[in-house]
Amino acid sequence: MAAVYVLNGPNLNLLGMREPETYGAATLADVEASLRKLCAARGIDLAFRQSNSEGDLVSWIQEAGSAGAPVILNAGAYTHTSIAIHDAIRGAKADVVEVHISNVHAREKFRHHSYVSPVAKGVILGFGVRVYALAFEALFPSI
Ligand code: DQA
């Protein structure tokens, strides 16, 4: 069975109550539920995870690479700091779609640089939590 990993980094467990003017009202459980529906409809196995720890994200990217599964990755603030995540994506040879709920380029300068983008297959950002479904469609096109 085809599989997809959806990996969420630090503070994304707070979605829904964290800066709703920037990230919206949906919770991470809402995001998971909508992806579970998409995956069920297409017979795709979903590993949906969140961690505040960089090492967990590194291990899960390696796991996805070993499983030959693509990754939808919102690395949160680690996007802008983590060479370890960059190296994990390179080393695991996993297909990664980088997502961000907010348009990071319209925000503070420190959010403009991503260590993930150079090793990602593509980047989708700024469309609220719909970026997860858009990334899913990019990986598993229905049209
Ligand atoms: C984010 C953007 C990051 O800059 C921020 O640190 C996050 C969330 C987004 O989804 O818009 O935690 O990745």
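This is a predicted model: local features need pLDDT of at least 70, side-chain atom pairs count only at pLDDT 80 or more; totals for chains, interfaces and linings use all residues.
**β4 and β5.** I started with the pairing of β4, residues 96-100, with β5: the two run parallel and share four bridges. Val-99 sits opposite Ile-124 of β5.

**The whole sheet.** Next I looked up the strand order, which is β2-β1-β3-β4-β5, five strands in an open sheet with parallel pairing. β2 (45-50) and β5 (122-125) are the edge strands; each has a single partner, so one side of each has no neighbour in the sheet. I get an average twist of 15 degrees from one strand to the next.

**Helices on the sheet.** I then checked what packs on the sheet. Helix α2 (residues 28-42) touches β1 (3-8) and β2, and its direction makes about 170 degrees with that of β2. Helix α3 (residues 54-67) lies across β1, β2 and β3 (71-74), and it runs at about 170 degrees to β1.

**A closer look at α2.** Its 15 residues reach 21 Å from first C-alpha to last, close to the 21 Å expected at 1.5 Å a residue. Which residues of α2 are buried? I found Leu-28, Val-31, Leu-35 and Cys-39. Down the axis of α2, the buried residues fall within an arc of 65 degrees, so they line one face of the helix. The buried residues of α2 pack against β1, β2 and α5 (130-139). Ala-29, Lys-37, Ala-40 and Ala-41 are exposed on the other side of α2.

**After α2.** Last, I looked at Gly-43, which follows α2 and has a positive phi, near 65 degrees.

Note on methods. Residues are numbered from 1 along each chain as its sequence is written. Side-chain values use heavy atoms; hydrogens and water are left out. Two strands pair if DSSP finds at least two bridges between them. Axes are lines fitted to C-alpha atoms, for helices over the stretch in contact, and angles run from 0 to 180 degrees between N-to-C directions. Contact means heavy atoms within 4.5 Å. The expected span of a helix is 1.5 Å times one less than its number of residues. Buried means under 20% relative accessible area, exposed over 50%, partly exposed in between (1.4 Å probe, protein chains only). The arc is that of the directions from the helix axis to the C-beta atoms.
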